[in-house]
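Hi,

Here is the structure I promised to pass on.

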Amino acid sequence: CAAHNGDREHAAVMEAISKNDIEKLRTLIASKVSVDAMNDQGQTALEIALTESRVAAATELMRAGAKIDVSEEYLARSLCLAARGNAEMIRLLIAAKADVNVTYKGQRPLSLALFLHLAHIAQLLLDAGADFKPYSFDVSQLMRNVVEKGKPDMVRLLLAHKVPADTKDQRGRSLRESALHFDHPNIVALLDEALRNPVHHSPQ
């Protein structure tokens, strides 16, 4: 009977997470339901909450002592999904000591955030120790892309992390010239400021 009660309680927890019913989840937690119980697929309530990007539910479960294994693949998936714009989830996973340099299906959280031009997400990941190579070809191409598209937040972020401001494309056009060509005076100003600071110059 106790086992059946436990199954029902666990099912209720899973349902509350699925419906994002935080009040119901809090009530269940207060009734001392096991927050680390697993379903038939071996998934805990916290794993389900993270996989479904239920930040509030995951927060409640972690406050209640739910264990998190930062080596599990579902965390890599959750991080990469969150890197597409879910800053709350990124903060939660970072606080839980998740490895921000994980790879999921060949992609890393920071690479996704940068590709999508999500400067605020990228900043969170960089602050948490995400690997970043400011002088790499890919980053140089990214810088040119955000300059041409007029993304000042991204330009500011990349410059702050030592991406060179003095590179030129294959036609010999500088980043500043590109910003002028595409009529982005705010980015011209950012580049001018960076060019006056030698820390942003490309290595000789």
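A residue is called buried here when its relative accessible area is under 20%, exposed when over 50%, and partly exposed in between, using a 1.4 Å probe and protein chains only. By that cut-off, 43% of the 204 residues of the chain count as buried.

Two notes on the source. This is a predicted model, where local features need pLDDT of at least 70, side-chain atom pairs count only at pLDDT 80 or more, and totals for chains, interfaces and linings use all residues. Residues are numbered from 1 along each chain as its sequence is written, and side-chain values use heavy atoms, with hydrogens and water left out.

Now the fold. The chain has 12 helices and 0 strands, taken as DSSP runs (H or I, at least four residues; E, at least two) and numbered from the N terminus. Its radius of gyration is 22 Å, well over the 17 Å that the globule rule gives for 204 residues, so the chain is more spread out than a compact globule. That radius is taken over C-alpha atoms, and the rule is 2.2 Å times the number of residues to the power 0.38. The C-alpha trace spans about 75 × 25 × 25 Å along its principal axes.

Contacts (heavy atoms within 4.5 Å) are worth a glance too. Among those with a separation of 6 or more, 66% join residues 24 or more positions apart.

Ser-174 is buried, with a relative accessible area of 15%. Leaving out residues up to four places away in sequence, Ser-174 touches Arg-144, Thr-167 and Lys-168.

Best wishes
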